[in-house]
Amino acid sequence: WNCRYCSTHSHEVRYRDIRSIDTYLQGMKERKVKRVNFISPSSMEYGAAKPRGINLPKIRELLELTHSYRFRFIEYGIFPSEIRPDTVTDEGIALLKQHVSHKSVTIGAQSSLDSRLKELKRGHTAADIERATAIANDHGFSVNLDFIIGYPGETPGERQANIEFIKAISKKYRVKAYMHFFIPLPGSAYGNRRPSFLSVEEKEELYRMRRGGIIT
């Protein structure tokens, strides 16, 4: 998706194929590894021919193969294989529920403001975040929502709107927000942009939210 703070996508996306993954799973089993997870910036787009073109049969093949080795813990859809909000479906989350060992999923929200999401080239909306959270909760998962705070040009009003969104969604759903401070990847569109810094009052509010279990 080439988000402006990351910009890692400079060529056609490549996915490790199932045969290659099987080789690694065999090796892990031989070494008596108990915990298996996957790295993906968008786990529900594994094997997709185009962005947001979800390929559930491919994900099912991957998870069923992994499950067949009877690892004690299988992690998919949680860090470091987060889920984009606009790729969450009932069928996909139900598939995860069949195979993964964790009780929560991680969804990359990044902001609750549509204007900021558009500026970041995220390709989803705030409504997608809430819809994805509701679907995950309906299937028995709690949700870790990743947010970034301190974007270049971010105003106190924008930060307060994010805080109010997090407070509201945490009352409605089983959610915890993971707050990250803006640090861009070198070479990204935001690579040389300075962050916005929080006031003492804003930091104190975030600390209160942390003590209340709303954020980490």
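**Exercise 1.** State where phenylalanine 38 lies and whether it is buried or exposed.

*Solution.* Phenylalanine 38 sits in the loop between β1 (35-37) and α2 (56-68); helices (H or I, at least four residues) and strands (E, at least two) are DSSP runs, numbered from the N terminus. The model is predicted: local features need pLDDT of at least 70, side-chain atom pairs count only at pLDDT 80 or more, and totals for chains, interfaces and linings use all residues. Residues are numbered from 1 along each chain as its sequence is written, and side-chain values use heavy atoms, with hydrogens and water left out.

Next, take the accessibility. Phenylalanine 38 counts as buried because its relative accessibility is 13% (buried means under 20% relative accessible area, exposed over 50%, partly exposed in between; 1.4 Å probe, protein chains only).

Then look at the neighbours. Leaving out residues up to four places away in sequence, phenylalanine 38 touches Ile21, Leu62, Thr66, Glu75, Tyr76, Pro80 and Ser81 (contact means heavy atoms within 4.5 Å). Glutamate 75 is 37 residues from phenylalanine 38 in sequence, yet 7.0 Å away in space, C-alpha to C-alpha.

**Exercise 2.** Find which residues of helix α3 are buried and what covers them.

*Solution.* In α3 (residues 90-99), the buried residues are Gly92, Ile93, Leu95, Leu96 and His99. They lie on the same side of α3 because they cover an arc of only 155° around the axis, the arc being that of the directions from the helix axis to the C-beta atoms. The face turned away from this buried side carries the exposed Glu91 and Gln98. The cover over the buried residues of α3 includes α2, β2 (73-75), β3 and α5.

**Exercise 3.** Describe the sheet that contains β3.

*Solution.* Start with the order: 3 strands form an open sheet, β3-β4-β5, with parallel pairing (two strands pair if DSSP finds at least two bridges between them). The edge strands, each pairing on one side only, are β3 (104-110) and β5 (175-181).

Now take one pair. β3 and β4 (residues 142-149) are joined over 6 bridges, and threonine 106 has asparagine 144 in β4 as its bridge partner.

α5 (residues 126-138) lies across β3, β4 and β5 and runs at about 155° to β4 (axes are lines fitted to C-alpha atoms, for helices over the stretch in contact, and angles run from 0 to 180 degrees between N-to-C directions).
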